[in-house]
Amino acid sequence: MWEDISTPWQECLELAWTAYCDDCVPIGAVITDSEGKILSSGRNRVYPRWMWKQHPSPGVEIAHAELEALQKLDYTGLDQHSCILYSTTEPCPLCMGALYMSGVRTLHFATRDPFAGSINMLGTTWYLERKSMKVFGPDQELEPVIVALFVEHELNCHDGKLPEGVFWEMYGDIFPDWIALGRRLYEQGELKESRKGKLTARHVFEHLVQMVM
């Protein structure tokens, strides 16, 4: 349950829920020191195309949670090699590259991203094998909840239909059960009601955990 999750993961889930409630992709990220103290945080700010007029920004497509957390980090006098990045989702090429170049040397991610996940970038070029990085993930308990939340968000953005193409084919191959859960959430409208009721991430998380079980 919620009490069993470490503080960094709790904050990541809070940020992901905040992003979801703002019609963004539900991804949250935090950076901690070696003792687990949160130093910076970020959440996804990539809005659906139909909302771009409401949120004009030249960087709307690269407003990713991990990038925001890295940009907010105060590097003054900081030993970034000892810092840890937590993200609800496996970083994409943009965020993986930024993480590598930031000096932060440890990554925890909760769920895989079959389409854009890029931890496999490490060690693939001379530059990306120069610095040693520790990577942990996915988290078997958090992954179903985060995937279902993402699927429900995408169904909301596309009038209840997931777009055809390789993206969802890859997700379907790996997460068939959690995609089905996301569809169920969309059809029942539970998350929409939770958002209207301004329920907390804790309430939503515990409810989704019960559905997974």
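This report walks through the cores, the cavity and the salt bridges of a predicted model.

## Before you start

Residues are numbered from 1 along each chain as its sequence is written. Since the model is predicted, local features need pLDDT of at least 70 and side-chain atom pairs count only at pLDDT 80 or more, while totals for chains, interfaces and linings use all residues; side-chain values use heavy atoms, with hydrogens and water left out.

Helices (H or I, at least four residues) and strands (E, at least two) are DSSP runs, numbered from the N terminus.

## The nonpolar cores

Let's begin inside. In soluble globular proteins, nonpolar side chains tend to be buried together. A nonpolar core here is a set of buried Ala, Val, Leu, Ile, Met, Phe, Trp, Tyr and Cys residues joined through side-chain atoms within 4.5 Å. Buried means under 20% relative accessible area, exposed over 50%, and partly exposed in between (1.4 Å probe, protein chains only).

The largest nonpolar core has 27 residues, and those with the most contacts inside it are Ile31, Leu85, Leu99, Val104, Val151, Trp168 and Ile179. At least two residues each come from strand E1 (28–32), helix H2 (65–72), helix H3 (93–102), E4, H4 and helix H5 (166–174). H4 supplies the largest share of this core, four residues. There is also a second, separate core of 26 residues, with Trp2, Trp17, Leu185 and Val209 among them.

## Two residues up close

Contact means heavy atoms within 4.5 Å. Not counting residues up to four places away in sequence, valine 104 touches Leu70, Leu73, Gln80, Cys83, Ile84, Leu85, Leu99 and Met133.

Threonine 106 lies in strand E4 (residues 106–111). With 13% relative accessibility, threonine 106 counts as buried. Leaving aside neighbours within four places in sequence, threonine 106 is in contact with Cys83, Ile84, Leu85, Lys134 and Phe136.

## A cavity

The structure holds one cavity of 30 Å³ or more. On a 1 Å grid over the protein atoms alone, a cavity is a set of points where a 1.4 Å probe fits but cannot get out, and lining residues have an atom within 4 Å of a point. Grid points are joined across faces, edges and corners, and a volume is the space filled by probe spheres set on the points. The largest cavity has a volume of about 70 Å³.

Its lining is made up of Leu13, Trp17, Val145, Leu149, Ala201, Val204, Phe205 and Leu208. Helix H1 (7–21), helix H4 (143–157) and helix H8 (201–212) are the elements that give two or more residues to this lining, and H8 gives the most, with four residues.

## Salt bridges

The whole structure has seven salt bridges, each a side-chain nitrogen of Lys or Arg within 4 Å of a carboxyl oxygen of Asp or Glu. In one of them, arginine 195 pairs with aspartate 23, the closest N and O atoms being 3.0 Å apart. That pair links distant parts of the chain, 172 residues apart: arginine 195 is in helix H7 (residues 190–196) and aspartate 23 in the loop between H1 and E1.

Arginine 112 and glutamate 143 also meet in a salt bridge (2.9 Å, N to O). Arginine 112 sits in the loop between E4 and strand E5 (134–136) and glutamate 143 in helix H4, so the pair ties together parts that are 31 residues apart in sequence. Arginine 112 is partly exposed at 33% relative accessible area, whereas glutamate 143 is buried at 6%.

Conventions:
On a 1 Å grid over the protein atoms alone, a cavity is a set of points where a 1.4 Å probe fits but cannot get out, and a pocket is an open set with protein on both sides within 12 Å along at least five of seven lines; lining residues have an atom within 4 Å of a point.
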